[in-house]
Amino acid sequence: MEHKPGTFRTSIGGQALIEGILMRGPEKQAIVVRSPEGLVTKVEELTLIKDKYPILGLPILRGAVTFLDSMIRGVKALMFSADYFPDDEAAQPSKLDLWLEKHVPAEKLQNVLVWVSVLLSLGMTLALFMLLPTFVAGLFRAQNAALHNLIEGVIKVAIFLAYLILCSRQKDVRRVFCYHGAEHKTIFCYEAGLPLTVENARIQPKHHPRCGTSFLFVVIIVSILCSSIVFSYVNWQNIWVRIGMHLLLLIPVVGITYEFNRLVGRHDNALTRVLSAPGMWLQNFTVNEPDDSMLEVAIEALKLVLPEEKDKDRW
């Protein structure tokens with residue numbers, strides 16, 4: 001780590017888990033969980049679909065592909081960490097659990113559960129942040145597309161804020177958000193060129209401009225802007241047309257957001273700080289101050305994904 005402090009931006013990112021952290025580097029990803037028996041680590045080489053299909057690495061498309069890939073890997077990591085903290089060890093498995101264990105290979109069952117979880121997550125996200133705002137906004141019977149989009153946009157932001165506040169008040173989720181803070185502090189420490197120690201990580205900021213919370217907020221803002229443009233050319237008063245257009249806009253919206261985050265994350269100046277300010281503020285609900293044991297987990301996870309080639313992880 002010989003880069004100058006304040007000039008280096010790493011492409012390494014992470015995700016908070018249940019008593020653990022997932023770190024993803026340019027070549028591999030690592031899961032580190034603090035189980036009752038001690039630290040548990042799992043390191044995997046990364047194989048990216050864009051390496052096999054280069055077209056999926058093009059701007060806009062790569063954003064949607066990266067988002068889906070991160071969601072799948074994140075669900076797998078959450079399931080891995082959850083295995084070390086069963087809800088009730090004394091509980092007896094259900095008949096369905098026993099049948100699945102007997103008739104379905106463990107690896108295949110896990111893949112099915114991952115995809116079911118991903119589809120349910122996507123479905124709930126679409127229902128909460130797209131279908132519900134579209135339906136509620138329609139009740140106001142706005143006379144023009146601009147007013148309708150303004151109402152729908154306000155509803156989306158309100159639902160997003162309510163969702164974050166509700167999550168932040170859950171006891172178990174608060175600890176996950178502490179690990180979220182540990183991930184941010186550790187990456188800041190690495191970007192500053194400091195030795196990866198608990199002491200150095202502890203003094204770093206807990207809010208990071210390339211956080212997933214900021215990404216989700218920008219997705220909502222970009223969707224509002226895209227809808228405002230597209231709805232000017234369609235029969236926006238028909239709820240099914242509105243839902244259909246929102247679905248068609250999913251890939252470009254996520255893609256544009258991804259490119260925006262890449263641009264903002266690569267620079268640190270007055271303009272990028274202004275653009276990232278709303279997302280940074282929202283992290284007050286999703287990022288908590290970690291303790292030293294959490295920082296140890298984050299540091300271990302980061303060390304496991306550092307590339308051997310210098311600057312290969314440069315943003």
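## Buried cysteines, cores and strands

Cys189 is buried, with 0% relative accessible area (buried means under 20%, exposed over 50%, partly exposed in between, with a 1.4 Å probe and protein chains only). This is a predicted model, where local features need pLDDT of at least 70, side-chain atom pairs count only at pLDDT 80 or more, and totals for chains, interfaces and linings use all residues. Residues are numbered from 1 along each chain as its sequence is written, and side-chain values use heavy atoms, leaving out hydrogens and water.

Cys226 also counts as buried, at 15%. There are zero disulfides here (a disulfide being a pair of cysteine sulfur atoms within 2.5 Å). For Cys189, the closest cysteine sulfur sits in Cys211, 18 Å off, so it's too far for a bond.

Now the packing. The largest nonpolar core has 24 residues, and Ile21, Met23 and Leu302 touch the most other members. A core here is a set of buried Ala, Val, Leu, Ile, Met, Phe, Trp, Tyr and Cys residues joined through side-chain atoms within 4.5 Å. Helix α12 gives this core its largest share, eight residues. Another core, of 13 residues, lies apart from it, with Phe129 and Leu164 among them.

On to the strands (DSSP E runs of at least two residues; helices are H or I runs of at least four, all numbered from the N terminus). Strands pair if DSSP finds at least two bridges between them.

| Antiparallel pair | Bridges | Hairpin link |
|---|---|---|
| β2 and β3 | five bridges | three residues |
| β3 and β4 | eight bridges | two residues |

Six of the eight β3 residues are buried, so that strand is largely enclosed by the rest of the structure.
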